[in-house]
Amino acid sequence: MNLSGLLAQLLNGLAGASTLFLVAAGLSLIFGVTRIVNFAHGSFYMLGLFVAYSSVEHLAPALGFWPALLLAPLAVGLLGAAVELLVLRRIYRASELLQLLATFALVLIIKDAALWLWGPEELLGPRAPGLEGAVMLLGRRFPAYDLFLIAVGPLVLLLLTLLLNRTRWGRLVRAATQDREMVGALGVNQSWLFTGVFALGALLAGLGGALQLPREPASLELDMLTIGAAFVVVVVGGMGSLPGAFVAALLIAELKAVCIWLGVVPIAGVAVAFPKLTLVVEFLVMAVVLVWRPWGLMGRPQATVRSLGASEAPPRGAGARAAAAWLLLAAALALLPLLLGARSYALVLLTDMAIAALFAASLHFILGPGGLHSFGHAAYFGLGAYGAALVTRAAGLPMGAALALGALLAACGALLYGWLCVRLSGVYLAMLTLAFAQITWAIAYQWDAVTGGSNGLAGVWPPDWAAQGAGFYWLVLALTAAGVYLLRRMLFAPLGWSLRAARDSAARAEAVGLHTRRVQWAAFAIAGAFAGLAGALSAFSKGGVAPDALAVTRSVDGLVMVLLGGVQQLAGPLVGAAVFTWLHDSLARETDYWRALLGAAMLLLVLLFPQGISGFAQMWRAQAAIKNKVTGGAA
């Protein structure tokens with residue numbers, strides 16, 4: 001460690017901060033005006049890099065490098081405008097979670113479109129003409145192109161500030177950020193304002209990607225990696241604040257640079273590898289800021305937090321006919337091995353469906369009746385999986401004890417995280433759950449001595465009595481049925497009614513003597529325990545566990561299952577888990593572009609049946625019953 005090395009790392013951090021700011025600025029503008037948490041923003045960054053590669057490769061001889069490079073953000077901006085016109089404009093009045101589902105569907109579609117156009121390989125562009133070399137700083141060579149990137153960030157911030165403060169359109173954008181309804185009441189065409197903002201946000205993300213062409217290869221994995229970092233910057237800086245996004249990008253990038261510079265440092269006799277903290281430091285910063293100042297360093301408290309709307313249908317106990325139907329379905333599933341054979345692939349798929357159903361039901365427990373948005377439910381699934389795997393491998397405990405301890409570990413994690421999460425609501429709550437999930441993932445990914453690191457833990461199999469025949473399938477089916485039944489019973493117990501009261505009106509609930517945070521905290525622990533049980537079952541089903549059990553994509557999968565089935569129905573997560581698992585399996589085996597087909601199906605469902613599959617089925621039955629009643633009365 002020396003001064004010149006620190007300076008080099010800080011300059012590297014400034015170059016990275018500049019690009020990160022470009023992406024976060026677009027995301028912040030979009031959220032500030034449209035209130036949409038745009039999961040597809042990382043995809044626009046990825047497309048900016050890919051389109052820049054093709055533009056430079058084919059057009060640079062005629063136009064030159066820089067004009068060809070700048071065509072990429074313009075193309076991405078036009079794509080953003082098309083996305084807003086064709087998709088997002090139809091769902092502005094939908095709940096935040098349905099908007100999230102739609103933008104995640106776009107992520108899947110754009111990823112497979114990029115795969116089809118550019119292939120799976122990483123693509124590295126040429127060096128920027130005139131900036132190929134390096135300059136000497138304190139005896140070290142520093143890339144000239146990185147110095148150019150350092151200047152881009154402040155320049156873009158200045159131009160955006162002038163645009164928003166010196167033009168009529170910019171003043172309308174700032175007004176819409178503070179009060180969209182008032183802007184509409186003044187006669188402003190909000191639709192075109194939203195289109196322009198979304199196009200500008202997509203252009204900034206595309207510019208950030210295009211400028212990385214001489215610096216890093218274009219890769220299909222950049223979308224999810226980028227959106228996570230951009231979310232952190234926007235939340236830390238303050239939702240909708242461009243100066244806040246700039247400060248947050250600098251803070252996080254420089255903290256990472258310092259971690260790399262420190263290297264391995266002995267602290268109290270323990271060697272601490274600070275470079276490993278680069279995977280988690282941004283989420284640690286976000287968690288601290290959200291707990292200390294939920295609206296960010298330079299943001300403002302949200303005046304109102306939108307709820308999910310009608311989170312569920314009017315609660316009622318299952319009638320005799322419905323209970324008989326559920327029992328008949330359980331009996332039919334239990335008898336399937338006798339008809340299909342114990343080695344049928346259908347049993348493997350049904351086992352996955354049952355585990356997914358338990359995971360989705362645990363998420364719905366806090367999402368629907370509780371109104372608690374969670375983007376990090378995978379943390380408890382992964383804790384349960386790792387807990388079961390560790391006690392099986394290290395202590396040799398039987399499967400029953402491993403399942404129980406896995407669920408207990410997940411419940412403890414939910415108690416810890418939930419104590420902090422229930423202090424927030426809306427998008428801030430969602431971002432804090434995401435931060436905790438990513439911190440947990442980073443620990444599992446890097447703690448090689450305990451978790452196996454990136455390789456995970458293998459060799460976790462059911463005992464002979466469960467491995468032979470359909471024993472494990474019956475066990476999973478029984479535990480899933482019992483878990484779903486217990487969750488449903490709790491929703492009709494005092495805890496469930498208290499949870500709904502806290503969701504609908506926390507002030508009134510507190511006035512009648514309910515401790516709303518304590519109720520929500522208990523709900524977090526219960527949901528975490530059942531998600532952990534699903535994770536433990538998954539570990540025995542797959543023979544082990546890897547860090548992807550804790551990844552953000554697992555959390556999004558859970559949200560997709562709940563929303564596909566319908567958050568308004570208690571049966572929604574079960575239906576959604578079955579349909580999602582079946583679609584994922586069948587499409588993945590049929591085509592390399594299964595993500596696009598799955599995303600298109602999700603997008604159609606959001607646009608045509610926003611109430612979900614089970615919600616649409618119930619509405620259709622209600623309409624049929626009214627029609628029959630009217631017909632019968634007329635007769």
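Predicted model: local features only at pLDDT ≥ 70, side-chain atom pairs only at ≥ 80, totals over all residues.
## About the model

Local features need pLDDT of at least 70 and side-chain atom pairs 80 or more, while totals for chains, interfaces and linings use all residues. Residues are numbered from 1 along each chain as its sequence is written, and side-chain values use heavy atoms, leaving out hydrogens and water.

## Aromatic pairs around Phe39

Let's start with the rings. Rings of Phe, Tyr and Trp (its six-membered ring) pair if their centres lie within 6.5 Å; planes under 30 degrees apart are stacked, over 60 edge-to-face and the rest tilted. The count comes to 14 aromatic pairs. In one of them, Phe39 and Phe104 have ring centres 6.1 Å apart and planes at 90 degrees, so they sit edge-to-face. Both residues are buried (under 20% relative accessible area; exposed is over 50%, partly exposed in between, with a 1.4 Å probe and protein chains only).

Phe39 also pairs edge-to-face with Phe231, at 5.6 Å between centres and 75 degrees between planes. Phe231 is buried too, with a relative accessible area of 5%.

## Charges over rings

Which ring does the charged end of Arg89 sit over? The ring is that of Trp192, with its centre 5.1 Å away. To count, NZ of Lys or CZ of Arg must be within 6 Å of the ring centre and within 35 degrees of the ring normal.

## Cysteines

The whole structure has zero disulfides (pairs of cysteine sulfur atoms within 2.5 Å). Cys412 is partly exposed at 42%.
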